[in-house]
Every structure is written in C-alpha cells, then in structure tokens.
Amino acid sequence: MSDYSPFYGPNAGYVLELYDRYRADPQSVDAETRAFFQQWAPPAQQAPPEPARAVDGAPIDITRTVGAARLIRYIRELGHLDAHIDPLGSPPHGDLGLHLDIHGVDEAFLAALPASIVRGPLAAESRNALEGVQKLRQVYSGSIGYETDHIQIFEERAWIREAIESRQFFGASPRRKLEILERLTEVEVFERFLHTTFVGQKRFSIEGCDMLVPMLDSIIRNAAADGTREVVLGMAHRGRLNVLAHVLGKPYADILSEFHAANRDAGASPTGKGSVGWIGDVKYHLGARRAYKESGVEQMPITLAPNPSHLEFVNPVVEGRARAAQEQRERPGVPTQDKRASLAILLHGDAAFPGQGIVAETLNLSQLAGYSTGGTIHIITNNQVGFTTNPGDARSTLYASDLAKGFEIPIVHVNADDVIACIAVARMAYAYREKFGKDFLIDLVGYRRWGHNEGDEPAFTQPRMYEQIAAHPTVRALWARQLEQEGTVSAALAEAMVAHVTEQLQQARREAEADPHLAEPPSPAPPGIARRTKTAVPAEQLRAFNQALQTRPDGFSMNARLERTLERRTTGIEQPGGIDWGHAEALAFASLLAEGIPIRLSGQDAERGTFSHRHAVLHDAKTGARFVPLQALPMAKAPFSIYNSPLSENAALGFEYGYSAHAPGVLVLWEAQFGDFANGAQVIIDQFIVAGRAKWGQTPALVLLLPHGYEGQGPEHSSARLERFLQLAADDNIRVANLTSAAQYFHLIRRQALLLDSDPRPLVIMTPKSLLRHPRAGSSLADLAEGRFQRVIDDPGGRARAEEVTRLILCTGKVYIDLLGAISAGGPVPDGGMPPNVAVARVEELYSFPADELRELIAGYPALRELVWLQEEPRNMGAWNYIAPRLREIVDPTISISYVGRPESASPAEGSLSLHTVEQTRIIAEALHSGAMAPATR
C-alpha cells in the first residue's frame, strides 16, 4: 500500500509521526508498520490529500496535529515523571515534554481534535482529544507512574498499555475494602504494640510502607486461585516481623517470646554436646513456612527464606528454592519443569536494590534455561532513605528501580498511601507474570516512620523529612477516613478493630511470658554414619554404566579429537590406573542415577569442564545438536541436569544453595571455573553455606567443586583458599576434602549423595587441575568396586619398613603427586626412590578432622621422631594453621612437628612458572631431608 489517501486529519498526523520515527530507527516501530513503510512513499512525492477537517468541519493544521500526537505519546512514555508517587508530597520530577506549548498546541486546539487521536480505551470515553489527554494524565500521572518503554516486545507493551488505560485491575467491593482495613489495622497495631512494649529494641518496622502486606495478600491469593502449589518469599529486615506475623502466620506469642528472650539470662551454652552448633539468629533474620488455606486452596506452602544482614543476598537463594519447587524429578532424563508450580516474590530495599551487585546478577538469571522460574514479582519497599543516606548519595539514577530497565522488566511506581492503586498494581504484576512468564517490579514509594532500627534518631540526618513524617497520618488512618466518608464503615467499627487486635497482642504477651516458644535446634546425625556408608559399586555394574555412557545416537557426528579422548574410557576401565578424574565422576553420577538420586550440576563451563575433562554434554560436529549421555542412561531412575552458569559466582552459588535447601533429596554441585573465584561468593559461603544450620536449622548438602593446586599459573589460578573453609569449619557444619585419586573422588561423591537423608552437610572439595588426567591420580576398576572413601591414606610401602621410619610426612592433595614424581625422577633423592626412614601419608578429608585415623596411623610407626606437614600454600594459608594445633593434641610430645611449604606471603602463589618450579622443588627436597623449616613450638 503506497497510497497516502486513506489517512486524514489526526490519523495523517499520527502516520507522519510514526514515519519520522521509522526513518530515524526502523526498530522503533512494530514489524507490521515497518513492512508498510518499506513500500510507502513520502507524502511530498504524492498528490496532496484532501484537507483534514476538525470536529466542527474546519481544516486541521497537520503540523500542530503531529505535535498533539507527540504529546500523547510523551504522556504515555514519560507520564511517570509527573506522577504523585511520594506520600510526603514532594513535587514530581517533571519533564518539559509533558507541556503543551513544547509541542505547539493548547487546550483549544486539542478540544477541536477528535478523541480518536488518543486511541485506546480512553478514546471511547472522551468527546474530544482534550478530554482524552486529561484522562491520560490522570492514568499516567496520578498516584501511579508506569515505565514500560524499555520493553522490546510489542505484545507485552500492548498488553500493559491496555491494562493501564482500561483500569481493569482497579476497584474493590465493600467487603474487600473492609478486609483491607482489617489487615492494615493488624499491621499498624502490631508495630505500635512492639514499639511501646519493647522500647528501643530493634525490629525494623514496616510503618510507612504498610500496604506491602495487603499487596502480598493479593498476589498470594491470586496465585492460590490459579493453582500455584508454592510461594517462596525473600526479604531483608524491614517489615520482616510483620510479614512473618500476617503473611506467614507466625503466632504473635512466638514473636513476642523472641523479644523476651533477648532480655533473658543466656543460661547454659547453646553449643553443648549434641547440639550441632545451634545458636539461632536475631528475630528479624528468621524464616518461616506456612500452609495457605484460603480461596478454596488447602495446604499451599508459603516459605519465607531466612536472610542475614546482607540485605539482597537472599535473592538468588529464593530463585533456587522456587526452581526446586517447580521441577519434578521422579523420571530419568531432564527434570520436568512447571513454571506455574511456584511463585517467587522478592522484597527489596530502595538503597540496596541499586547498591548491591547481587541484584543485577540475580536479575540476569531470570531468562536463562538453567535458572528461570517463570517470572518473579519484585517489590521495592521504598523508604526514600538508606539508614542515614539520602538517595542522591546512594545511587546515580533517578529511581531506585532503574537497574531493572536493562533486563526489560516492567516497572510501576506507586504511592504507598493510595490503597486502591497499590492493590491494582499488585494484581497487574501477578497477571503480567502469568501471561508472559517474566519478572515484574513494583516500586512501593512510602517512608520510614522511625529511625533505621528504632534505636536511631532520624532527625539528626533527615530533619525536614521527619518533621513531615511526624505530622503525616498513617495509611490506615487515611483509609479508615475514606471508608467512613463512603459509608462503608463507621468510626466505631474502625476503633473496635484496633481494640480487637490489641487484645490479641496482650493475650499473646501473657502467653509468651508464661510459656516461651523458642526455636528448637535440628537433631544431630547418628555418630559415625559417614564412615559406615558403603560406596562401592560392583564391577559388572560399572562396566555396564561405562558402555552405556559411550553410546551415541545414530548419525551423531563427534569431533574427531574428542571422540579419541572419550574412546579411551572404553578401554581405560579395564586398565590399571586407567580411570581418570572425569571418568570416575561420570561413573559415580551414573551409579547414583541408577539408585534413584537426582543430580544437578552447574558452573561456568561445567558442561565441558574448565579443563576439558568432563564432556558431560556432547555437540554434533555437523549440526551442533546436543546430547547428554547421563540423561539417556537406560539404567537411570532419576534425572540429571547440567548447566553452564552465567559469569557469576554470587548469584550462581546462592541459587544452588537455595535449590539444595529446598530439594534435600537432590545431589547439587556447583563448580567454580577456578577455585579462587569462590571469593566472588564469599557472603553466600560465610552467611549461608557454613552458618545456615547453626543460625536457621537449614541442612543443605550442596557440593562445591573448587579447582586448586599450584602449577605456576599465578596467584589467581592456584589457590581455592583452603584456609578460609577450614577457618569456617566448626560444629560439624561442613566437610572439606583435598583428594589425590579418581577413586577417592568417586567414593566421596557417592558418600555425599547417600548421606542426603541421614547426614546432610555442604561438601567442599579442592578439585585438581593438572591431576585430572595425571597417571598417578588415575584409579583402577577394583578401586571403585571395592572399599569406601578413606579419610586418611597411609604410605603404601610404609608398613613394610615401619621400624625404620623416623620421619612421617603428612600432606593433602596435589603436592603428594608432585612428591611422588620427584622421588621417581630421583630429583631430591641422590639414588632415587623413597628414603628408607621416610613415610608419606595423605590426609584426604581435613574436616571433620580425622583424629582417630591419624592416631592409628602414627601409632603404626614406633620409631617415629619427626612429623612434617608438607603443603604447597604459604605458611599463613593452606591447612597448616588449622592442622598444627590438632596434631599437637594427638601426637606424643617426644615427636617434633615441623612445617614445610612456602613462607608467609600476602599473595597465594608466584607469578611465573620458573619461580614456581624453584619453590616447588625446594619444598619437596626439604620435606624429604632433615632441613625442615622452623619446628613448631609446643
């Protein structure tokens, strides 16, 4: 169609405006319009159309009509800049593009234009363009501001615009209005009761963003009605007690007991024998779980994940929990995901959302195959201040929510004092998520009635704001007044609600004082269960697994080099030492799948393996098609999933922690590209993985695979910071291992999986790099088919010369293989071979400390005079500072204990291969000879 004639008046102006946009950027218009303009000639090259006519029949000024159309577009796109979203009444930011005169129009001209120029639902309700523009301003610049122009998909923008202008999510029946008043009464009276009963105690009240609770009610109610089977929430402290009480249903008496407990004498130590290190956490960090029973739904779980003071770090944990709840793992192959089975809701702080990088990392997970959860509803509880910091000092963006624009997430700002508007945007958020399976963000703009933690004086730093807040009525008071004016409730009924909630709280207080309800620690695992776990797999089964893993689909074309690599596994299983690290892992995984244990493995480059050792996912060399042998394993009774993660440690590891916590029967593994990259997830490690059981009773069994070993690759590719994990180890909270053979890895992985039900704990493995295919780290079929994981391994030839051994070298991990290599090459030993007075033993599991095994080992060398701890790491790193005092407790005082390794250093390793080689040669020579460094003092 190249004829201009069908367009007259405002339609012609609109088409001209679209054409201008198309010429500047073809992608700025939808595909259908783009195709039309590709065949459409500019008006200047066509015969002039008939003069457009206004409502009264007079000719229309096309130039000014274009200006009117531009104004209408600006209102839709930029109306949020004129929206009154601050309950404290600060003026909107504004934008000149929203002024009539900028576009060369006035009200008289707009009144002369037909309403059709406005388009959409509002045009049908208007007599002319002026009325349509006024209605647009009411919708887009009222107490809600909409930001959607950054969304690149036309269907989504069209749906949102229709939802906004039809106001389909607005309105409430008298009964619903009464319910909201009741809920706001509970929210406010609860906070005021705590404020006056426990003066000065921290609670991080919700006051100023009270509508958060009715909004959550609305979202959860809609989710339940739509058949969602679980809701998972995450939030920081602000408003947490109120959400626990009114959304999670935690009894008032339990919450009040925690306040009373803060003032009680501690009594006996909480970490007594058998307590699994239980110490609990402050009340505003705790999680909870509730069975939702409304809207005709029975037993829909709602989980609030526990969260430390690291505000936003719960975000990926919640996403992992939601994903675990969505996946069904009863069948082999790939887990079946139902994205509507669970709903993730994340509550953010206005300072934390742009300020903490974990937020961006988590948002980036939302559309990735291994991490998507069908859309998360985000709510920023916007206090307009972060502790004592004003927004201008906290972020470089206009809104706290601007980060979400980069992920094409619809953003709605709403005034926290407008009850109906808050409920409307909550409904809209849920509907959008259900329609498109994507995230939605609500910026709930309110205030913080008290200081950051009720013990602060906010007037010191925000005097004018807090002068306004002191005089500002609560949202409950505003809503009650509105309902009284409508005749929905009486003043007496509103006051009776307050009295009723107050009495409930008084009764709960009496109950809490008489019979405190305090959290119970988790039960400890049966003693010695790990050592009794049988991990061997019969040789014939392993052969069958091996054959199945080498099978490819018909016509599958392998990369020739990779095919040769994997073919070695066919013959290697029968050769002495022919099973390398990746091969042993594949057999371990296959055996577990055959026993019905699901497996999830993720990490940067996890599918292939950073060091090209795993190859769990194969790619057709001609078509690129994927094939995962473990998902096609005919003996499998459970699914296997593996994903290359984004370039993230924080969010990726947090996600896997959440998944493991929510799906305790799944073996979940996260592999770092290099072990030291775990530094990027230190908060997740410190606050969740190692402390989650002691603080919250969480019992995930997440496995961390951290490549570790000194090969001259520099400071950043050597150390997985073994010392940090050993420093964090206490109360049997984790397991830490540094292995020397493929068989040990096979048995340890199987042990971890077999303990998922009886003794779940996170497992940290210092996995190798150079040992992945090293012959001395290889194992034989019998090693896998017999025995179990050995926490300590004696010198294989040591017992034969036990009476001669005066020096016992203890070490862990790769340095043992280096030492064997040096002995075999005759480097530090003049005539080659092991010195007859020296034995070398390996500590494979460092924590829990294998005291009994080491006592037995040491007792087997009656002539022993010297015990040497050998490590690659500097003295202030590695295992030395952890193991030295423990060795002193179990070694006879007549036996000296010495250290051999690199001297103390600020950096983990040398920055060049030549320097590394010199140091590695030196420490091995020192370990084998009498010049051991600095004997340890007693």
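**Charges, cavities and contacts**

Colleague: How exposed is R543?

Modeller: R543 is partly exposed, at 30% relative accessible area. Buried stands for under 20%, exposed for over 50%, and partly exposed for what lies in between, using a 1.4 Å probe and protein chains only. This is a predicted model, in which local features need pLDDT of at least 70 and side-chain atom pairs count only at pLDDT 80 or more, while totals for chains, interfaces and linings use all residues. Residues are numbered from 1 along each chain as its sequence is written, and side-chain values use heavy atoms, with hydrogens and water left out.

Colleague: Which residue does R543 form a salt bridge with?

Modeller: R543 forms a salt bridge with E540, and their closest N and O atoms are 2.5 Å apart. A salt bridge here is a side-chain nitrogen of Lys or Arg within 4 Å of a carboxyl oxygen of Asp or Glu. E540 is exposed, at 57% relative accessible area.

Colleague: Where do E540 and R543 sit?

Modeller: In helix α21, residues 539-549. They are three residues apart, so about one helical turn separates them.

Colleague: Now E454. Buried or exposed?

Modeller: E454 is buried, yet has no salt bridge. The nearest side chain of opposite charge is R238, 4.1 Å away. Lys and Arg count as positive, Asp and Glu as negative, and His and the chain ends are not counted.

Colleague: What does the side chain of E454 reach, then?

Modeller: The backbone nitrogen of R203, at 2.9 Å. E454 itself is in the loop between β10 (440-445) and α17 (463-471).

Colleague: What else does E454 touch?

Modeller: Leaving out residues up to four places away in sequence, E454 touches H195, G200, Q201, K202, R203, F204, S205 and R238. Contact means heavy atoms within 4.5 Å.

Colleague: Change of topic. How many cavities does the structure hold?

Modeller: It holds 11 of 30 Å³ or more. A cavity is a set of points, on a 1 Å grid over the protein atoms alone, where a 1.4 Å probe fits but cannot get out; its lining residues have an atom within 4 Å of a point. Grid points are joined across faces, edges and corners, and the volume is the space filled by probe spheres set on them.

Colleague: What lines the largest cavity?

Modeller: 17 residues line it, and R569, A586, R614, H615 and A616 lie nearest its centre. The elements giving two or more residues to that lining are α21, α22 (560-572) and α23 (581-594). The largest share, five residues, comes from α23. The volume of the largest cavity is about 170 Å³.

Colleague: One more residue. Where is K814?

Modeller: K814 is in helix α30, residues 814-825. K814 is buried at 6% relative accessibility. Its side chain and that of D818 are joined by a polar contact of 2.5 Å; that term covers N or O atom pairs within 3.5 Å where, within protein, one atom can donate a hydrogen and the other accept it, and where residues adjacent in sequence count only if both atoms are side-chain atoms.

Colleague: And for the whole chain, how many helices and strands?

Modeller: 33 helices and 25 strands. Of the 938 residues, 58% count as buried.

Key:
Helices (H or I, at least four residues) and strands (E, at least two) are DSSP runs, numbered from the N terminus. On a 1 Å grid over the protein atoms alone, a cavity is a set of points where a 1.4 Å probe fits but cannot get out, and a pocket is an open set with protein on both sides within 12 Å along at least five of seven lines; lining residues have an atom within 4 Å of a point.
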